[in-house]
Amino acid sequence: MSSPIIAIQGLSLAYEREGVRNTILADLDLTIARGEFLVIVGESGVGKSTVLRVLIGLASPSAGTVRVEPRPGCRTPMALVFQDARLLPWRRVIANVAFGLEGSGLAKAQRLAKAREMLALVGLADLGHRWPHQLSGGQRQRVAIARALAVDPDVLLMDEPFSALDSFTREGLQDELQRIQAATGKTILFVTHDIDEAVTLADRVVVLAGAPGRVAAEVTVTVPRPRRRRDGALLEAARQLRAELSGRSAEL
């Protein structure tokens, strides 16, 4: 990991509803290295997803700065994968993956070739002709990841993308995501409330806690990849993270 690709300083976000001011994030500082797999954990409502919304431009901060340093010539610095796949039901799988390339100046044949490449990367090379309703939940999330990767972002933002899946499918997709990151070198910022998922995936885990939310702790996961879920060092990292999350939440 080298120079920072994202630098957040003093980020605060608040809104008013019915005359009451609600502050979601306060004085949040966070730096993400190029090529890092960083996971944000925290209780529901602490502002984890809000950080992603600010980065992608879906929410405006009340204070602070957000600096993103994409590689030269990058057309789409970031792409976001949601908790639900959000596929267009009237488009076949390959057309869903190619959707973000429309308006890019690429010819249709080039867009479809890129879509096929990304489907192969996520293990769905033979399913491009299907409709979204013909896919399982895990397959739909793979398509969503392929669609995000098709625009070649520098940073892949992922908002609890596996939380609605059964444990077997979720673990399989966690393994796939690690393989994809190793193959592409993408920077990944991943939000979850699942401690075991966090330590399985992350180079570094950031704990958000409090009301308003702020960075309360960080845990670096040094377990070599590929990781085995019952590895003693990984279990110890999960124990440490649970202790940090519990203790810091109580303090804040």
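Ground rules, for the record. I am working on a predicted model, where local features need pLDDT of at least 70, side-chain atom pairs count only at pLDDT 80 or more, and totals for chains, interfaces and linings use all residues. Residues are numbered from 1 along each chain as its sequence is written, and side-chain values use heavy atoms, with hydrogens and water left out.

Helices (H or I, at least four residues) and strands (E, at least two) are DSSP runs, numbered from the N terminus. Glu160 is not a glycine, yet its phi is positive, near 45 degrees.

Asp27 also has a positive phi, about 50 degrees, without being a glycine. This residue lies in strand S2 (residues 20-33). Asp27 counts as exposed because its relative accessible area is 56%.

Where are the cis peptide bonds? One joins Ala211 and Pro212, with omega about 5 degrees. Pro212 lies in the loop between strand S8 (204-209) and strand S9 (214-220). Another cis bond runs from Arg225 to Pro226, with omega near -5 degrees. I place Pro226 in the loop between S9 and helix H7 (232-251).

Pro4 is found in strand S1 (residues 4-17). It is partly exposed, since its relative accessible area is 40%. I listed its contacts (heavy atoms within 4.5 Å). Beyond neighbours within four places in sequence, Pro4 touches Thr31, Ile32, Ala33, Arg34 and Glu69.

Thr50 sits in helix H1 (residues 48-56). I count Thr50 as buried because its relative accessibility is 16%. With neighbours within four places set aside, its contacts are Leu13, Ile24 and Leu25.

**Helix H3**

H3 (residues 108-121) has 14 residues and reaches 20 Å from first C-alpha to last, close to the 20 Å expected at 1.5 Å a residue. The expected span is 1.5 Å times one less than the number of residues.

Which residues of H3 are buried? I get Arg111, Ala115, Met118, Leu119 and Leu121. They are on the same side of H3, because they cover an arc of only 155 degrees around the axis. The arc is taken from the directions from the helix axis to the C-beta atoms. An α-helix has 3.6 residues a turn, so residues three or four places apart point the same way. Cover for the buried residues of H3 includes helix H2 (93-98), H4 and H5. After H3 comes Gly123, with a positive phi near 85 degrees.

My search ran on a 1 Å grid over the protein atoms alone: a cavity is a set of points where a 1.4 Å probe fits but cannot get out, a pocket is an open set with protein on both sides within 12 Å along at least five of seven lines, and lining residues have an atom within 4 Å of a point. Grid points are joined across faces, edges and corners, and a volume is the space filled by probe spheres set on the points.

How many cavities of 30 Å³ or more are there? The count comes to 1. The largest cavity holds about 40 Å³ of space. Its lining is Val122, Arg142, Ile145, Phe162, Leu173, Glu176, Leu177 and Ile180. Helix H4 (137-150) and helix H5 (167-184) are the elements that give two or more residues to this lining, and H5 has the largest share, 4 residues. By class I get 6 nonpolar, no polar and 2 charged. For these classes, Ala, Val, Leu, Ile, Met, Phe, Trp, Tyr, Cys and Pro count as nonpolar, Asp, Glu, Lys and Arg as charged, and the others, Gly among them, as polar.

The largest pocket has a volume of about 220 Å³. Of its 13 lining residues, Glu171, Asp196, Glu197, Thr200 and Arg229 are the closest to its centre. Its lining divides into 3 nonpolar, 3 polar and 7 charged.

The second largest pocket has about 180 Å³. Its lining has 9 nonpolar, 2 polar and 2 charged residues.

Notes. Buried means under 20% relative accessible area, exposed over 50%, partly exposed in between (1.4 Å probe, protein chains only).
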